[in-house]
Amino acid sequence: MESMVPMETLVSLCKRRGFIYQSSEIYGGLASAWDYGPMGVELKNRVQNFWWREMTQLHENIVGLDASILMHPRVWEASGHVESFTDPLVDCKKCKQRFRADQIPKQNMETHSCPECGGELTDPRQFNLMFRTHVGPVESDAFLVYLRPETAQGIYVNFKNVVQTARMRVPFGIAQVGKAFRNEITTKNFIFRTCEFEQMEMQFFIHPSEDGKWFEQWKQERFEFYEKMGIRETRMRFHQHGPDELAHYAKIAFDIEYEFPFGWRELEGIHNRTDYDLRRHMEYSKKDLTYLDDLRGGERYIPYVIETSAGLTRTVLTVLADAYDEEEVEGEKRVVMRLHPELAPVTVGVFPLVKKDGLAELAQEVARDLREDFTTFYDQGGAIGRRYRRQDEIGTPFGVTIDYQSKDDRTVTLRYRDTMEQVRVPIVELPERIRQAVREYRRVD
Ligand code: ATP
């Protein structure tokens, strides 16, 4: 089914099923901050693991890193963020709302009129998106630090460490997942744009003469990554940054965009950052960050960087929006999250047909064994159809039902979420059947 899920429907399912709650809800919530519940944290971890495996395990020339959020403040001077990481801000004098000047219709900017109430808008002023705080008890400039607005800088400042200690040779990459913070002027659309979020970034260091080739390669690989995760190709496209959109460090940039219920928006950016960052860190730190290339006859140079920068939390939203489906089954609405089995928070649901006559005991035994290999959820409450529907709503790809016949011949029913097909399977064969189905998964709507 190709229709788009309304955001209210998705937000409400996320709350109801324990994916995402509003932060500090009992105090009325904090705008644009969200908490990941039992299902949400499983999904987020799985998306992260999917990316991590793709980037590190499947690429022999990419290694991982986990840098701290707080860094020396000079890092952000060198990176250009203190000077340039700004958005143009306008205020409405009447309704007091704030907007990003580049996100409201041109006409409103030309007439200085508020897009919400028609009131008068202030002139745009540049607003730095970095959160500031202080290390230690004294709030003075000497102790000023920033919450990192991107994870990338942690990679650049460790470039030399990784070359020397992991014995990496250009071309190679460093991958990192972690929190980033931006004091966004407008935060809306659920977890799409928040002040605290997580990024999955990979910086690929190359010889400057090869930037075109590597840029193309990463552009394609990153697009294919989302397809592997089961995201519909028809809802993805590239968008090339025009000269007025390019970040201060970028020579060329493409976004992978996804068609969210609120329109096409960036999901990931692929940037050619040239030698901008390493060069600036050399200038500011006075440390030699050049690379001696023994494979190029001892040439010494500052590597160029191709960056792939994805939002983890934004990818979670993409996965959720893309997975949502509704259909009519026997006159009733079925809501089903068609999540890739490797991303689904629960892999197998186990259900005794009834609680009595020893079926619950046998079902618990089956669940216990499956738990060794899969995230398994045992549920004995309510009509079996209701139990299936509850699992469909969180995207559990497989259901195992234990009935009277199971006691006699130790076979069970294995139900597939997408097709609702049911097959009889010996209990001993369950793990292999499930593993095979995960390996061969193709989305069926
Ligand atoms: P925008 O112009 O929309 O503010 P950006 O182009 O500055 O975003 P990048 O700096 O390229 O974004 O960030 C890389 C990725 O990090 C984005 O593609 C997105 O997935 C994620 N990201 C950036 N800002 C946020 C945010 N405020 N909330 C959630 N994810 C974000």
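User: Which domains does the domain assignment give?
Analyst: It gives domain 1 (7-72 + 131-320), domain 2 (86-128) and domain 3 (346-439). The bounds come from an automatic or database domain assignment. This is a predicted model, where local features need pLDDT of at least 70, side-chain atom pairs count only at pLDDT 80 or more, and totals for chains, interfaces and linings use all residues. Residues are numbered from 1 along each chain as its sequence is written, and side-chain values use heavy atoms, with hydrogens and water left out.

User: What separates the centres of domain 2 and domain 3?
Analyst: 55 Å, taken over C-alpha atoms.

User: Now the sheet. What is the order of its strands?
Analyst: S3-S9-S10-S16-S13-S12-S11, in an open sheet of seven strands with mixed pairing. Strands (E, at least two residues) and helices (H or I, at least four) are DSSP runs, numbered from the N terminus. Two strands pair if DSSP finds at least two bridges between them.

User: Which are the edge strands?
Analyst: Strand S3 (62-64) and strand S11 (236-240). Each pairs on one side only.

User: How does S3 pair with S9?
Analyst: In the parallel sense, over three bridges. S9 covers residues 172-181. Valine 63 stands opposite isoleucine 174 in S9.

User: Which helix packs on the sheet?
Analyst: Helix H8, residues 211-228. H8 touches S3, S10, S11, S12, S13 and S16, where contact means heavy atoms within 4.5 Å. Its direction makes about 150° with that of S13. Axes are lines fitted to C-alpha atoms, for helices over the stretch in contact, and angles run from 0 to 180 degrees between N-to-C directions.

User: Switching topic. How many cavities of 30 Å³ or more are there?
Analyst: One. The largest cavity holds about 50 Å³ of space. On a 1 Å grid over the protein atoms alone, a cavity is a set of points where a 1.4 Å probe fits but cannot get out; a pocket is an open set with protein on both sides within 12 Å along at least five of seven lines. Lining residues have an atom within 4 Å of a point. Grid points are joined across faces, edges and corners, and a volume is the space filled by probe spheres set on the points.

User: Which residues line the largest cavity?
Analyst: Among them are Met229, Ile231, Arg338 and His340.

User: And the second largest pocket, which residues lie nearest its centre?
Analyst: Phe50, Arg53, Lys228, His340 and Glu342, out of 16 lining residues. The space there is about 470 Å³.

User: Which helix gives the most to that lining?
Analyst: H2, with five residues.
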